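Hi,

Here is the structure I said I'd pass on.

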Amino acid sequence: MPELPEVETVRRTLSELIVGKRIRAVTVRLPRILQKPDDPDVFGTMLEGRTFTAVERRGKFLRLILDGLVLVSHLRMEGRYGMFADEAPLDKHTHVIFHFTDGTALRYTDVRQFGTMHLFPAGEELVSPPLAKLGLEPLEAGFTADALRTSLGRRNTKIKPLLLNQEWIVGLGNIYVDEALHLAGIHPERMAGELKPKDWSRLHEAIVTTLSAAVEAGGSSVKSYVNGQGEMGMFQHRLRVYGRTGEACPVCGNAIAKSVVGGRGTHVCAKCQKPPKGAAGPASGVSAAASKRYREGGNTVKRRLDGSAAGHT
Ligand SMILES: [Zn+2]
C-alpha cells in the first residue's frame, strides 16, 4: 500500500498533469469505487464542466480540488492514475475516466479494486469521513516532538501499532514505521507510555528524516506501486531494515530479524533497537553471512529490484 511518500509523489505528478484541465464528461465502469455519491450518474453530473485547480494531500488521501468541489481519493493497494489521449485503448482494470475538453483523459486503474473516491462541496471534506478523524500530519510545520508525545505518549500500547493508526499520526504504513523506529533506535514493542522525552525527540526527527528522504527519492517501489506517471520510486534501494530480513544492519552489521508486532511483519535490529524486558522479540545475534556482507559493504547492492524480497504481511 502506498504510504505518505508515494502518495505525495503521485500528488506532485498529478498536479503537473491535471491542473487547469476542464472535465467534459465522466465514465464510471466500476461503481463500487465511488463511495459518495455512490450513483455514477450523480457523480458524473456533479463533475461535468468543472476544472481541476490544485491537487493536495491529507495523510494517504489525495484531495483533487476543483472549482467548488473536492474529490477525495485513496489508492489503497494498487490504485493508479494515468493521463492518456481520450481515444487510447482502455485497460480492463480502468474503472473511472475523467474526459477533458482538450481531448485527453485522466484514468483511474485499480487491479485490486480497493480504491475509494468521495466527492464533497469544497471544505466539507475536512470535517467528514474519511478525513475528519485523521491525526498529525508529519511533514507540516506544526509537527513537533511535543505534539507527537502529546498525541501518543499517554497510551499504554506498543509504539508500532500506534504509529500505524491514522487517528494519531497520518501517512506512516508498515515500511516507514519500521524504517523510522530503526533510525530512532526504538524497539517496535516498547510501550508508548514508557518512552522518555529523548526517545520522542529521536522518533520525531527519525519520522521527518525518513519521510522527507523518501519523498525526495519519489517514494519506494515495493511490489507494484508506481507514481502518477507510471514511474517507479527509488527509495526502496535505501531502506535500512524493511524487507531486509537476514541482511546486515547498516549501522552495526547485526542480522536484521523479522517478527510479528500487532499482526504486522516487523523488521528490527535487536542491537540498535533494544527489546523491552519480557518481549519475546526477534532473535538477536549476528549471522555469519550477514556480517560478511556487511564487512564487504555489499548489503546495499544485493537487493533484488523486483521487490520480491519485500513481502507484505
Ligand atoms: Zn544495528
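Below is what turned up, starting with the sheet and moving on to the core.

Keep in mind that this is a predicted model.

The sheet: it is an open one, built from five strands in the order 2-9-5-4-3, with mixed pairing. Strand 2 (34–36) and strand 3 (52–58) sit at the edges; each has a single partner strand, so one side of each has no neighbour in the sheet. From one strand to the next, the twist averages 25°.

Strand 2 runs parallel to strand 9 (residues 116–121), and two bridges join the pair. To find the spot on screen, pick Lys 36: its bridge partner in strand 9 is His 118.

Helix 1 (residues 4–18) lies across strand 3 and strand 4 (61–66), and it runs at about 175° to strand 3.

Now the core. The largest nonpolar core has 67 residues. Leu 71, Tyr 176, Ala 180, Leu 203, Ile 256 and Cys 269 are the ones with the most contacts inside it. Helix 5 (residues 174–184) gives this core its largest share, seven residues. Both domain 1 (4–127) and domain 2 (145–296) supply at least three residues each to this core.

Leu 71 is a handy place to start clicking around. Leaving out residues up to four places away in sequence, Leu 71 touches Leu 64, Leu 66, Met 117 and Leu 119.

Cheers

Note on methods: Residues are numbered from 1 along each chain as its sequence is written. This is a predicted model: local features need pLDDT of at least 70, side-chain atom pairs count only at pLDDT 80 or more; totals for chains, interfaces and linings use all residues. Two strands pair if DSSP finds at least two bridges between them. Helices (H or I, at least four residues) and strands (E, at least two) are DSSP runs, numbered from the N terminus. Axes are lines fitted to C-alpha atoms, for helices over the stretch in contact, and angles run from 0 to 180 degrees between N-to-C directions. Two residues are in contact if their C-beta atoms, placed from the backbone, lie within 7 Å. A nonpolar core is a set of buried Ala, Val, Leu, Ile, Met, Phe, Trp, Tyr and Cys residues joined through C-beta atoms within 7 Å. A residue is buried if 20 or more other C-beta atoms lie within 10 Å of its own, exposed if 12 or fewer, and partly exposed in between; C-beta atoms are placed from the backbone. Domain bounds come from an automatic or database domain assignment.
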